[in-house]
Each structure stands twice: as C-alpha cells, then as structure tokens.
Amino acid sequence: MEMKNIDDIILSFRHSLPVGSKTAAAIDKGASLTEISECAEEEGLHELASVLFEAQQEELRTPTGPQEDLHSLAGGIIANFRKNLPEGSKTAAAIDQGATWSEISECAEEEGLHELASILFEAEQERLRYKKQK
C-alpha cells in the first residue's frame, strides 16, 4: 500500500477528531504510524487503531504490487469492522454477501459508519488510479 493512501485515510480521520485529542496532536506532528495507533487505542478510537495496525502489517510484508497490497489491506479492515457489527446491520449483510467496496461503503455511510465508508472510498479511488495507470 502506498503511504500516500494511508496518509489520506489518516487525514480523513483527523478532521473528525476533537481539539485536544492526543491522536490529533500525533497526526499533526507527523508521528509514526505506531505512535498514532497507540494514541488512537488509548483514546478508544479502535477503528483508526485497527486501520493503522493493518497498514503497519502491510509495511512488514514483501510487497506484491500496489493492487494486491490495497486489496489485502482493505480486506483486513473490512473483516475487523465486520466483527463489531450487529447481525441486523445492512453493512454486515453487504460484507457477508461479498458486496463491492462501493456497496459496502454506501451501507456504512447510511448507518453512520463514516470511518469505514471513508476508508473504502479512499481504497476504491486508489484502485481506480492504479487501474488507470496500467
């Protein structure tokens, strides 16, 4: 996964963080993914911490190519979110049915899961940019 993409995701989270947030301060000072993740976990921002954990794991793997890295990262994020969704959730149903990222994103947005919707939007945009380059 390109760092630009994870930076976009971090910035999308940053806009919703309150003033005085340790996580916001870490992002603003350009801290490492590890430090931002630790602050996010400490402040109960489990979705952001999960995303950053997945990004860190991607950095440790041998890169197979931007498309495969992105697909792997998004799949991990979706799986982590799915664990915390109630069974009656439209987003959970979309994930379970193997819906496209944009369909899952739409359901997430409808249900107020803005972080997941934002992540999937960014991942889809990155996928489209990569596809266009080929």
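Cys 107 counts as buried, at 14% relative accessibility. The model is predicted. The structure holds six salt bridges. The disulfide count is zero.

**Cysteines**
- Cys 107 has 14% relative accessibility, which is under the 20% limit, so Cys 107 is classed as buried.
- Cys 39 is also buried, with a relative accessibility of 13%.
- No disulfides are counted in the model.

- Arg 14 pairs with Asp 28 in a salt bridge, with the closest N and O atoms 2.9 Å apart.
- Arg 14 belongs to helix α1 and Asp 28 to helix α2, so this pair ties together parts that are 14 residues apart in sequence.
- Arg 14 is partly exposed, at 21% relative accessibility.
- Asp 28 has a relative accessible area of 53%, over the 50% limit, and therefore counts as exposed.

- Lys 22 and Glu 42 form a salt bridge, and their closest N and O atoms are 2.4 Å apart.
- Lys 22 sits in helix α2 and Glu 42 in helix α3 (residues 33–42), so the pair ties together parts that are 20 residues apart in sequence.
- Glu 42 is exposed, with 55% relative accessible area.
- Lys 22 is partly exposed, at 44% relative accessibility.

**Further salt bridges**
- Lys 29 meets Glu 35 in a salt bridge, side chain to side chain, at 2.8 Å from N to O.
- Lys 29 is exposed, at 58% relative accessibility.
- Glu 35 is partly exposed, with a relative accessible area of 28%.

**Loop residue Ser 21**
- Ser 21 lies in the loop between α1 (3–14) and α2 (22–28).
- Ser 21 is buried, because its relative accessibility of 8% is under 20%.
- The Ser 21 side chain reaches the backbone nitrogen of Thr 23, at 3.2 Å.

**Loop residue Thr 100**
- Thr 100 is found in the loop between α6 (90–96) and α7 (101–110).
- Thr 100 is partly exposed, with 42% relative accessible area.
- From C-alpha to C-alpha, Thr 100 and Leu 120 are 9.7 Å apart in space, and 20 residues separate them in sequence.

How values were computed:
Residues numbered from 1 in each chain as written. Predicted model: local features only at pLDDT ≥ 70, side-chain atom pairs only at ≥ 80, totals over all residues. Heavy atoms only, no water. Helix = DSSP H or I, 4+ residues; strand = E, 2+ residues; numbered from the N terminus. Buried < 20%, exposed > 50% of the residue type's maximum accessible area, 1.4 Å probe, protein only. Polar contact = N/O pair within 3.5 Å; in protein donor to acceptor, adjacent residues only side chain to side chain. Disulfide = S-S within 2.5 Å. Salt bridge = Lys/Arg side-chain N within 4 Å of Asp/Glu carboxyl O.
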